[in-house]
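This report walks through the fold one part at a time. Keep the sequence and the coordinates open while reading.

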Amino acid sequence: MVEAATRLYPLTGREFAGNGVKMRPLDGEHERISLRADDAAVAGLGAAIGLELPTKPGDVALADGLSALWLGPDEWLIMAEKGAGIEDKLNSVTTGLYSVVSINHRNTAILVYGANAVHALNGGCPRDLSLEAFPAGTCSRTIIGKAEVVLWRTDTHSFHVECWRSFSDYVWKFLVEAARCA
């Protein structure tokens with residue numbers, strides 16, 4: 001009998017706490033979908049998953065453990081609790097042109113939180129992360145160091161950092177070093 005392969009997550013077991021910053025990986029906790037769609041498909045796709053897709057830069061829509069982050073005029077990052085079947089729901093839509101791609105294997109995430117979380121992130125992110133410029137509930141594609149990330153401010157002192165798993169070790173170590181200096 002052949003045993004099924006077990007997925008190994010790149011940041012499993014890592015945690016950091018110090019200098020007002022805490023970090024932990026969010027490995028394996030979400031289904032992730034890269035969604036590209038034309039205007040004719042947006043309403044139907046949103047209805048299929050029970051969420052109105054955001055249509056303004058930086059907006060995030062939330063409902064029942066589902067998140068839709070606006071990344072561009074025709075692009076969203078959809079995250080749902082593991083096993084939610086979002087890919088099948090999106091693929092059931094029959095109007096408009098769209099692309100649904102599971103990126104569970106490509107992406108991983110880091111939760112960065114605490115009173116100095118913003119300072120740790122600003123150690124390598126050129127974006128203005130003040131509450132006025134980047135309020136809670138806002139997302140953006142940006143960089144940390146030399147790695148492209150999707151940054152989502154989930155609360156005043158809490159950030160979800162989504163990155164490619166091949167860059168996750170670099171992003172983690174960069175943030176730990178920045179947190180030590182925050």
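A disulfide needs the two sulfur atoms within 2.5 Å. A search of the whole structure, which is a predicted model, finds zero disulfides.

Cys 125 is buried, with a relative accessible area of 4%. Cys 139 is buried as well, at 3%. Thr 108, taken up again below, is also buried, at 2%.

| Residue | Relative accessible area | Class |
|---|---|---|
| Cys 125 | 4% | buried |
| Cys 139 | 3% | buried |
| Thr 108 | 2% | buried |

Strand S5 covers residues 66–72. How many of its seven residues are buried? Seven of the seven are, so S5 is largely enclosed by the rest of the structure.

With S4 (residues 60–63), the pairing is antiparallel over four bridges. Ala 61 has Ala 68 of S5 as its bridge partner. The hairpin of S4 and S5 has two residues between the strands, and Asp 64 there takes a positive phi near 45°.

With S6 (residues 75–81), S5 pairs in the antiparallel sense over six bridges. Ser 67 is bridged to Met 79 in S6. Trp 70 stands opposite Trp 76, also a residue of S6. Two residues form the hairpin link from S5 to S6.

A helix covers part of this sheet.

**The six-stranded sheet**

A further open sheet has six strands, ordered S1-S2-S8-S11-S10-S9, again with antiparallel pairing. S1 (16–18) and S9 (138–144) are the edge strands, each pairing on one side only. Neighbouring strands here are turned by 20° against each other on average, direction ignored.

Within this sheet, S10 and S11 pair in the antiparallel sense over six bridges. Trp 152 stands opposite His 160 in S11. H4 packs on the sheet and touches S1, S2, S8, S9, S10 and S11. The direction of H4 makes about 145° with that of S11.

Strand S8 (residues 107–113) holds Thr 108. Which residues does Thr 108 touch, not counting residues up to four places away in sequence? They are Pro 10, Asp 27, Arg 32, Val 161, Glu 162, Cys 163, Arg 165 and Ser 168.

**The nonpolar cores**

The largest nonpolar core has 25 residues. Met 23, Ile 110, Val 112, Leu 121, Leu 151, Val 161 and Val 171 have the most contacts inside it. At least two core residues come from each of S2 (21–25), S8, H3 (117–122), S10 (147–155), S11 (158–164) and H4 (165–181). Which element supplies the largest share of this core? H4 does, with five residues.

Val 112 shows how such a residue is surrounded. Leaving aside neighbours within four places in sequence, Val 112 is in contact with Val 21, Lys 22, Met 23, Ala 117, Leu 121, His 157, Ser 158, Phe 159, Val 161 and Leu 175.

Another core, of 20 residues, lies apart from the largest one. Its members include Ala 68, Trp 76, Ala 80 and Val 93. Two of these names have come up already: Ala 68 is the bridge partner of Ala 61, and Trp 76 stands opposite Trp 70.

Definitions and conventions:
Residues are numbered from 1 along each chain as its sequence is written. This is a predicted model: local features need pLDDT of at least 70, side-chain atom pairs count only at pLDDT 80 or more; totals for chains, interfaces and linings use all residues. Side-chain values use heavy atoms; hydrogens and water are left out. Buried means under 20% relative accessible area, exposed over 50%, partly exposed in between (1.4 Å probe, protein chains only). Two strands pair if DSSP finds at least two bridges between them. Contact means heavy atoms within 4.5 Å. A nonpolar core is a set of buried Ala, Val, Leu, Ile, Met, Phe, Trp, Tyr and Cys residues joined through side-chain atoms within 4.5 Å. Axes are lines fitted to C-alpha atoms, for helices over the stretch in contact, and angles run from 0 to 180 degrees between N-to-C directions.
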